[in-house]
Amino acid sequence: MTGKPSKPSSRKYKKDRTTEVKQTVLPLPKSERQRVELFAEISFKIRQSLQLKEILRTIVTEVQQVLQADRVLIYQVLADGTGTPISESVLPAYPAILGMEFPEEVFPTEYQQLYAKGRVRSVADVRDPSAEVADCLLEFVEQFGVKAKLIVPILHSLSVHPPRKSPPKNAIWGLLIAHQCDRPRKWAEFELELMQQLADQISIALAQGELWGQLEEVVAERTAELQAANSSLQQEIIDRKQVEIALRQSEEQLRLITNALPVLIAYVDDRECYQFNNQAYTDWLGKSLTAIHGSSMREVWGEDCYPRMQPHINNALAGNIVTYENEIQLHDGTTRSVSINYIPHIDNDDRISGFFALTSDISDRKAIERMKDEFISVVSHELRTPLTSLHSALKILVTGRLGVLTKDGQQFLEIADENTERLVRLVNSVLDLQRIESGAVTMEKQACTATELMIQAVDTMQAMAQQQEITLVNQPLDIQLWVDADYIVQALTNLISNAIKFSSPGGNVWLIVQRPEQPPTPPPNGRKSTKSKASKVSKSPSLPIEILFQVRDEGQGIPANKLETIFERFQQVDSSDSRKKGGTGLGLTICRKIIEQHGGKIWVDSTLGVGSTFSFTLPVIDN
Amino acid sequence: MHKRLLTIDDEESIQIVIKFGINMVAGWEVLSASGGRMGIDTAQRELPDAILLDVMMPEMDGLAFLRQLRSNPHTRLIPVVLLTANRYLPDKDLLTELGVVEVISKPFLPVNLVRQIDRALLN
């Protein structure tokens, strides 16, 4: 219902002009009490709803019924001065004007200002000049058949909590209007009062509606926030569930993998209690996983085995990676050789919270090693016996006491003798190495001086040096050592023997010993040398005090690419060296084993064409 | 100084080279026995200045021979030099207790053998 208002069809202004003003005959409440009750009743109906539209409809309906008016409407004044009826109760005989848009002229600004100050307009007869209805307005209202009207302003409520963000520009919100169309009507005081009270109710409803709107806005805002938070939480729950699923799958996979491996895998906490163990524990020890979980290592391994483990456990809990071998007894009574690795677990606080324990069965390897040792032992014994006869017989023949051979015969005899000697050295070296590696040898350490060892080694090698026209330069020092003298002399003679073999006639071989505080002697001619990385010695002050032995030659030197492997078995600078020089290829390996068994290190510095220096360290007796 | 030695070894070739080598180098008299039992008999009968004893022998090994030798008051003071192809030897203290004065590894040279025996006997 927008646009121009339509004229009422059945009522014409001229026709009604003669109609007299007369008192209404409606049964209006007579007493104050009745009026209060009536107002309370209407108020009660109004409060049945919080919806403004519904409240307004209730008001116009109730007012129309109570006043017996032909039309009651609520006209909302808009900010630009125009307006529109937003609620209406009208008798069917009269045109409805709900929703029509009225121009500013209908309700000029001066009228608005008057109403804003609380003006109430009661017009008994719109045509009565004393009513001072402007002609243009008269014409306008008569379009809708209005003969009498009662107008009360609806003002914005001043007390709104919380306060409005921006107060309304216009104090007037709208008008509550009653029309009498069938006749002029003098409006009673009570009717005016009722209209005013209801207008106030509308103001309150408007304020409440505004509050309601604000509340709804806040609720919507909060709801949106809650929904967003809820959505975020839902996503987090989904994410966590996915992570949990992934973790479970990962754990399951880890368990499947660890259970499939034929090794003991465990995580032990810093109280030495198992926090994880794989199926192999059950298979080996005959205890269920749950029985082992949470148990201490002492409980699981028992008093026979645990004491052998304890120092290594302490070592791991001190933050060191530990590898050792042990013998363990399985639930079926069999004994197994195992290799055990402990890897410390350092948590985010840099605290050692436990260690991972890996235990693998090396019984087969040990059995093979024993067989190998036994085989080498038997073979070497079986070789030595005939070699003794052969060697001795050749030596006797070489003396010529059993007759003089021809020149060729003598040459062949010497070939046989030399190669027998080489074979003897090889057999001796193989057996020495095998014994050291198998652990069959225990170094019988005793107090001795470096001087004693060096003199003994030089005495042993003097004949060979003279034969090769090499000068042995011995520079001993009386430093007390705690070593197996026989083995250290063997190491020294091996190194001196090599130095002699690879030196030219007329050269020198030095045997040097240095106290720990002395800087190492520079290599021959002061030239920079290449050092074997594998055996480099750290000079950290935390290491025990060590003495440094050096055997230095002026020989051909060792290429850099051979320095790494020179201490490995059967590794020689030139593969023909073993034949040309009569070496076995095991001497340096044996030296390294001997030095390592004493807790020392061995390495070589060398410069091609200048010479080599073999160095090793030994711990000094702590006074 | 002239000496009489008894060599006990189940390898005949070893016996021959020892006997010839020592005789050739030092001129000492060398008696031979091919096993522990025969060695005990020879030792009791001949009372040599020293015995060169192989460790690994069938029937009676070197250690069994030594125990029996020491149980007889006539032979218990005869110094013994062990000749062995195997370096797996009993504890040094046990060997000393059984009167072993020297251990010589096979193979050996007759010249060195004489020197080693002489030094061991002097000690």
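**A surface patch, an interface and chain B**

A:Ile321, A:Ile343, A:Phe356 and A:Leu358 make up a nonpolar surface patch with about 350 Å² of accessible area together. This is a predicted model, where local features need pLDDT of at least 70 and side-chain atom pairs count only at pLDDT 80 or more, while totals for chains, interfaces and linings use all residues. Residues are numbered from 1 along each chain as its sequence is written, and side-chain values use heavy atoms, with hydrogens and water left out.

Patch members have over 30% relative accessible area and no salt bridge, with nonpolar side chains (Val, Leu, Ile, Met, Phe, Trp, Tyr) joined within 5 Å and like charges within 9 Å. Look at A:Phe356: you'll find it in strand E10 (residues 352–361) of chain A. A:Phe356 counts as partly exposed because its relative accessibility is 38%, and that class lies between buried (under 20%) and exposed (over 50%), using a 1.4 Å probe and protein chains only.

Now for the interface. Here 24 residues of chain A touch 20 residues of chain B, contact being heavy atoms within 4.5 Å. About 2,000 Å² is buried between the two chains, 63% of it from carbon and sulfur atoms; buried area is the accessible area (1.4 Å probe) that two parts lose on being put together, summed over both. On chain A's side, helix H10 (363–398) and helix H11 (407–438) each give two or more residues. H10(A) supplies the largest share, 12 residues.

As for chain B, the pattern along the sequence is β-α-β-α-β-α-β-α-β-α. Of its 123 residues, 49% count as buried.

Terms used
Chains are lettered from A and ligands numbered from 1 in the order in which they are written. Accessible areas come from the Shrake-Rupley method with a 1.4 Å probe; for residues, only the protein chains shown count as cover. A salt bridge is a side-chain nitrogen of Lys or Arg within 4 Å of a carboxyl oxygen of Asp or Glu. Helices (H or I, at least four residues) and strands (E, at least two) are DSSP runs, numbered from the N terminus.
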